[in-house]
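Hello,

Here is the structure I promised to pass on to you. Have a look at it first, and then read my notes below with the picture open beside you.

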Amino acid sequence: MSKLKTQSLHKRESELAEAKRQLEILSNGIFQSGGLPTFAQKIKETHQFPLRPKKLEILQINVGYMCNQVCEHCHVDAGPDRTEIMTRETMEQCLEVIKNTGAHTLDLTGGAPEMNPNFRWFVDEASKAGIKDFIVRSNLTIIRANKKYYDLPQFFKEHNVHVVSSMPHWTRGKTDKQRGDGVFDKSIKALQELNAIGYGMPNSDLRLDLVYNPSGAFLPGDQASMEKDFKKALMDDFGVQFHNLFAITNLPISRFLDYLIASENYEDYMYQLVDAYNPKAVTNVMCTNTISISWDGFLYDCDFNQMLGLQVASKVKHINDYNEDLLNNRNIVTSQHCYGCTAGAGSSCQGAVAE
Amino acid sequence: MAGNNYYDPADLRKFGNITEWGEELGAKFFDYYTKVFEEGALTAREKSLIALAVAHTEMCPYCIDAYTKDGLQRGITKEEMMEAVHVGAAIKSGASLVHGVMMMNKVNKLDG
Ligand code: SF4
Ligand code: SF4
C-alpha cells in the first residue's frame with residue numbers, strides 16, 4: 001500500500017484536512033466552466049428552503065475519530081493517527097441527554113467506536129436508558145484486530161446492540177481497494193462470528209445490517225437489487241447472512257473529496273449528483289430527524305456537517321446546553337455536499353430515503 | 001466551449017436536449033429506451049452488460065462511458081465487463097469472418 005493510503009489527511013498535513021478549504025472548494029468549485037446551481041437554490045424550487053427538522057428520532061454520537069483502518073473514502077478522515085476521542089465526562093453528558101430525549105434510536109459511530117477506552121462502559125450505561133434501536137457502526141475488522149476485541153460479538157449480543165457494518169463489495173478486490181489489504185477476509189471472518197451467535201440470521205432479533213458505498217466516483221445502484229446480489233454472493237461464497245443492505249452515496253468531503261480531485265473526477269461527480277437530484281429525497285434526508293454529537297460535545301445536523309465544522313444554527317451549540325425544543329426550532333445548515341444526500345433514491349445512514 | 005474534438009464527454013449530459021428540435025420523436029425514443037432497460041425476462045443487470053457489449057461493437061464512446069458507469073453502479077465487476085466486451089468482439093469478428101464464405105463462393109464461381 002502506498003504511504004498516502006495509510007495516513008489521514010490530518011497526518012499528511014493536506015490542505016483538505018481543513019474544513020474551511022473543503023467548503024471553499026464545494027462552494028466555489030475548481031471548475032473552469034462556471035458553477036453548479038447551489039443546493040439552496042435547488043431546494044427553493046420545491047419550496048423546501050430552509051430545511052427544517054421534524055420530530056427528533058435519532059441521536060448520533062461520534063465517540064472519536066480513532067480507527068484501525070484508513071479507508072480511501074472515509075468522510076471522517078479517521079485512522080490510527082487520529083487522537084480525538086470523547087471523554088468520559090462528555091459521555092456522561094450524553095447519557096443525560098439520552099435519558100431525557102424523545103429519540104428512539106441511538107447511533108454510535110466513529111472512527112471505530114470500539115477503540116474509545118470508555119466504549120463498553122458507555123454502551124452498558126446507555127443501553128439501560130430504554131432506547132429502542134441501539135446501533136453501533138462497527139467496521140468488522142476491529143473484531144479481529146486485537147485479542148481485546150475478540151469478544152465484541154458476545155458483548156454486542158448481551159446488550160442487544162444493532163450492528164451496522166460497511167462492506168464495499170462482495171468481492172475481495174473491490175473491498176480491499178477501498179478499505180485496505182486484508183480487510184475483506186477479516187470482515188468475512190467477523191461476519192461469520194456474528195452469524196454464529198445469531199446475528200443476521202433470518203427471524204433473529206439480533207440485527208446485522210451492511211452498508212454499501214461505491215468504491216469509486218460513481219453513485220450507488222438500486223438498493224434492493226444490490227441487496228439481492230450481496231446476499232446471494234456472500235451466502236454462496238462464505239455462508240454469510242445479514243438482514244438489510246443500506247446503499248449510501250459517497251459525499252464529496254474529506255478523503256473522498258481528496259480522491260475526487262486527485263483522480264480528476266470532481267467535476268463529473270458533482271454533475272452526477274446534481275443530475276440525479278431528486279426533490280422527493282429532500283423530504284427525508286437524515287438531518288431532518290437526527291442530531292449529531294461530536295467527540296467534543298458540539299452539536300451538528302449530521303455527521304457530514306460535523307466533519308465540515310458546520311455547527312447547528314441554534315443558540316444551543318453544545319451538549320452542555322442541550323435543549324430539544326430549542327433545537328427543533330433551528331434551520332438546518334446546508335451546502336453543496338448535501339447534493340450527496342438527495343441524488344437518486346437519496347442517501348442517509350440508513351440507506352435510501354425515497355422510492 | 002468544447003475543444004476541437006468530434007467527441008466531447010460533456011456532450012453526453014446533453015443527450016436529452018435532442019428532444020428540443022423534435023419533441024415528439026425524441027420523447028418516443030426516450031420512452032422506448034427507458035422501457036427497454038426495465039427489469040423484464042432479463043434482469044436490468046444483464047441488460048446493462050448487453051448494452052456495454054453493443055456499445056463496444058458500435059464503438060460509441062458515449063455509450064461506453066455511460067454503460068461502464070452503469071455497470072459499476074450495479075456492482076458489476078471489471079472482469080464481468082471485460083467478458084461482455086469479448087462477447088461483443090467475438091460476434092463482431094465472427095460476423096466479419098463469416099463473410100469470408102461469401103468471398104470463397106465468389107472465388108469458386110469465378111475462378112473455380
Ligand atoms: S470509513 Fe470507517 S472504518 Fe474506514 S477509516 Fe473511516 S471510520 Fe474507519
Ligand atoms: S449533508 Fe447533512 S445537512 Fe446536508 S442534506 Fe445531508 S444530512 Fe442534511
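Before we get to the strands, one term: two strands are said to pair if DSSP finds at least two bridges between them. Please also keep in mind that this is a predicted model.

If you want a place to look, A:Ile135 stands opposite A:His162 in S4(A). Strand S4 (residues 162-166) of chain A also has a parallel pairing with strand S5 (residues 208-212) of chain A, this one over four bridges. Here A:Val164 has A:Asp209 in S5(A) as its bridge partner. How much of S4(A) is buried? Four of its five residues are, so to speak, under cover: the strand is mostly covered.

Next, go to helix H1 (residues 19-28) of chain A, where A:Ala19, A:Gln22, A:Leu23, A:Ile25 and A:Leu26 are buried. These five residues lie on the same side of H1(A), because they cover an arc of only 160 degrees around the axis. Turn to the other side of H1(A) and you will find A:Lys20 and A:Asn28 exposed.

Finally, the ligand. Where does ligand 1 sit? You will find ligand 1 in the largest cavity. The residues around ligand 1 include A:Cys67, A:Cys71, A:Cys74, A:Asn139, A:Arg179 and A:Arg255. Sorted by class, the shell around ligand 1 is made of five nonpolar, three polar and two charged residues.

Enjoy exploring!

Best wishes

How values were computed. Residues are numbered from 1 along each chain as its sequence is written. Chains are lettered from A and ligands numbered from 1 in the order in which they are written. This is a predicted model: local features need pLDDT of at least 70, side-chain atom pairs count only at pLDDT 80 or more; totals for chains, interfaces and linings use all residues. Side-chain values use heavy atoms; hydrogens and water are left out. A residue is near a molecule or strand if one of its heavy atoms lies within 4 Å of it. On a 1 Å grid over the protein atoms alone, a cavity is a set of points where a 1.4 Å probe fits but cannot get out, and a pocket is an open set with protein on both sides within 12 Å along at least five of seven lines; lining residues have an atom within 4 Å of a point. A molecule sits in a cavity or pocket if more than half of its atoms lie within 2 Å of its grid points. Ala, Val, Leu, Ile, Met, Phe, Trp, Tyr, Cys and Pro count as nonpolar, Asp, Glu, Lys and Arg as charged, and the others, Gly among them, as polar. Buried means under 20% relative accessible area, exposed over 50%, partly exposed in between (1.4 Å probe, protein chains only). Helices (H or I, at least four residues) and strands (E, at least two) are DSSP runs, numbered from the N terminus. The arc is that of the directions from the helix axis to the C-beta atoms.
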